[in-house]
Amino acid sequence: GANALSLGQQLCYETMTRNICLLALCVTLLFNAYWFVFPVVFAASGIASFVFFSCRPEGLRGVQSNDSVLSLNYGRLVGGMIFAVSCCILVVLLVLSSTILSQNKNLNLAEIFYRIGFSVFGGGNVILSMFLTELVPTYLSQTQFLVGFALVGLLPGPVFNFSLYIGAVIGGPLIGLLCWLCLNLPGISLVFALLPFWVHLRNALWFRKVFAGLNAAAVAMIALAYVQLLFHV
């Protein structure tokens with residue numbers, strides 16, 4: 001709870017971004033049973049923020065930076081290809097898990113974790129609400145979830161390592177490794193895909209407008225997880 005409050009104070013600095021955060025929390029709280037709600041909320045938040053700050057650019061925080069970034073030996077074409085491959089993997093998993101192989105538990109888990117890893121924004125804590133929606137009580141009980149969450153909080157390392165515990169509880173160590181890989185692979189791929197574009201994106205005014213809304217939605221996702229855990233919704 002303190003984590004969500006602290007992030008909210010830092011990222012939701014304007015009335016509009018606070019409203020976006022509150023609305024995103026309400027929508028996901030009411031409709032979190034549908035997996036597509038999370039990416040739709042992120043997209044809608046970014047669009048709303050872009051429209052608002054296009055009308056009131058003086059409320060936008062952030063300054064342009066000319067600091068150097070990591071130098072790469074490949075350009076935007078390769079970055080675009082990496083992004084396209086990541087999207088293709090997501091589409092294939094979505095299609096397979098909803099058609100001929102829908103009864104394959106391992107494939108369904110791979111699809112769930114890859115999709116969450118692909119759509120998450122704002123840090124590890126954002127995945128908690130998605131895990132609760134997708135996995136409890138279908139794959140594990142709320143008690144098992146809370147025990148794993150407590151263990152992750154005690155141990156060093158990112159929250160993404162929670163996937164190892166969840167997979168191991170569901171199907172053993174190999175399934176735990178599968179879940180961990182599927183959750184982390186999209187993020188790693190997207191980092192290398194976007195790095196060639198980052199020099200231009202970070203100073204682009206339109207990107208900063210969208211980014212403010214995405215940050216507000218990410219705060220809402222973190223708050224949602226704590227609301228779900230507290231009130232068992």
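A cavity is here a set of grid points where a 1.4 Å probe fits but cannot get out, and its lining residues are those with an atom within 4 Å of a point. The model is predicted. Its protein chain has 10 helices and 0 strands, and the largest cavity is lined by residues that include W35, R115 and E134.

**Overall fold**

- Along the sequence, the secondary structure of the protein chain reads α-α-α-α-α-α-α-α-α-α.
- The protein chain has 233 residues, of which 42% count as buried.
- Where contacts in the protein chain link residues at least 6 apart in sequence, 72% of them join residues at least 24 apart.

**The cavity**

- The structure contains 1 cavity of 30 Å³ or more.
- The space in the largest cavity amounts to about 50 Å³.
- The residues that line the largest cavity are W35, F38, P39, R115, I116, S119, M130 and E134.
- Three helices, α3 (37–55), α5 and α6 (127–135), each contribute at least two residues to the lining of the largest cavity.
- Of the elements involved, α5 gives the most to this lining, with 3 residues.
- Sorted by class, the lining of the largest cavity comprises 5 nonpolar, 1 polar and 2 charged residues.

**Glu111 in helix α5**

- E111 lies in helix α5, which spans residues 105–119.
- E111 counts as buried because its relative accessible area is 7%, and the cut-off for buried is under 20%.
- Leaving aside residues up to four places away in sequence, E111 touches L93, L94 and S97.

**Cysteines**

- The structure holds 0 disulfides.
- C179 takes part in no disulfide, and the nearest cysteine sulfur, that of C182, is 6.9 Å away; a disulfide would require a pair of cysteine sulfur atoms within 2.5 Å.
- C179 is buried, since its relative accessible area is 0%.
- C55, by contrast, is exposed, with a relative accessible area of 64%, where the cut-off for exposed is over 50%.

Note on methods: Residues are numbered from 1 along each chain as its sequence is written. This is a predicted model: local features need pLDDT of at least 70, side-chain atom pairs count only at pLDDT 80 or more; totals for chains, interfaces and linings use all residues. Side-chain values use heavy atoms; hydrogens and water are left out. Helices (H or I, at least four residues) and strands (E, at least two) are DSSP runs, numbered from the N terminus. Buried means under 20% relative accessible area, exposed over 50%, partly exposed in between (1.4 Å probe, protein chains only). Contact means heavy atoms within 4.5 Å. On a 1 Å grid over the protein atoms alone, a cavity is a set of points where a 1.4 Å probe fits but cannot get out, and a pocket is an open set with protein on both sides within 12 Å along at least five of seven lines; lining residues have an atom within 4 Å of a point. Grid points are joined across faces, edges and corners, and a volume is the space filled by probe spheres set on the points. Ala, Val, Leu, Ile, Met, Phe, Trp, Tyr, Cys and Pro count as nonpolar, Asp, Glu, Lys and Arg as charged, and the others, Gly among them, as polar.
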